[in-house]
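Subject: Structure handover

Dear colleague,

I am passing on the structure below, and I would be glad if you could read these notes with it open beside you.

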Amino acid sequence: MKADRHTIAWNGRGSAPVDRVPTSRVPDDVLLDAARTCVLTTGVRRTTLTEIARTAGVSRMTLYRRFPDVRSLLAALMTREFGALLRRVTAEIDTALPARRRLVELGVAAVRALTTDPLLRTVLDKDAELLLPYVTERLGSTQLLAEDVVGGLILAGHADGSVRRGEPESQARALLLTVQSFVLSWRPATKDVPDETLLDELRHLLDRSLMP
C-alpha cells in the first residue's frame, strides 16, 4: 500500500511552506472558500486560478482538474453561497403562516440578506457588469432555484386561498424579477430613501400583488 504523498509549495508570501494534498482529497468547499477569500480581497476580475490555488494551498493542476477556468469556479461559488443564503432565509419563515404572508416575508428577508451579503456587495461594487448577463440574457441556476421556492409557495397559496389564482410560473417569475430589481438597485435606491421605509413598500407591493 503506497503512502500518501504531499507536495510542498511556498505560500506566495515568502514565509512557511504550504502542505499540498492530493487532488482526490481536496473537498470542493476548500477550493470555493479560497475563491471567496480572493474575490472579497480583490474582486472577481482580479481573481485568478493561480491565486485561488495559492490561497487554498493546492497546486494549480489540482484546481484545473476540478475547474477548467475562473468562470466555472466562480459560478460554483455563487451557486453555493446564494443557495445557502436562500435556504437559510426560507428556514426562518414561520411555516404556520398563510402562503401569501410567507411569500411576502421571504421576499423582504431575501432583499435584506442579499444586500448585506459581503460576496454580493463586493461583486456589485467592483464588478457589477459581470451580473448583466443574468439580467439581460439568461437566468442563472440560483435564480431558478429561488423561482422554484417561490413557485411552491404560490401553489400553496392557491390551495389555502391566500394567493390570487393565476398562472403559477408567470406569477413566480414576476415575483423573482421584482425582488431581483430591489437587490441590484439597493445601494443607489437607498441613498435618499431609508432602508426600512423601502422594505415596507416592498412588503406592501408584494402583498397587494398576491392578494385574491
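The search for aromatic pairs gave a count of zero, where rings of Phe, Tyr and Trp (its six-membered ring) pair if their centres lie within 6.5 Å, with planes under 30 degrees apart counted as stacked, over 60 as edge-to-face and the rest as tilted. Please keep in mind that this is a predicted model, in which local features need pLDDT of at least 70 and side-chain atom pairs count only at pLDDT 80 or more, while totals for chains, interfaces and linings use all residues. Residues are numbered from 1 along each chain as its sequence is written, and side-chain values use heavy atoms, with hydrogens and water left out.

A ring does feature elsewhere, as the charged end of Arg 138 sits over the ring of Tyr 134, 5.0 Å from its centre (the rule asks for NZ of Lys or CZ of Arg within 6 Å of the ring centre and within 35 degrees of the ring normal).

As for the fold, the protein chain has 11 helices and two strands, which are DSSP runs numbered from the N terminus (helices H or I, at least four residues; strands E, at least two). Of its 212 residues, 41% count as buried, meaning under 20% relative accessible area with a 1.4 Å probe, protein chains only, whereas exposed is over 50% and partly exposed lies in between.

Arg 121 counts as buried because its relative accessible area is 12%, and, leaving aside residues up to four places away in sequence, Arg 121 touches Thr 115 and Arg 187, where contact means heavy atoms within 4.5 Å.
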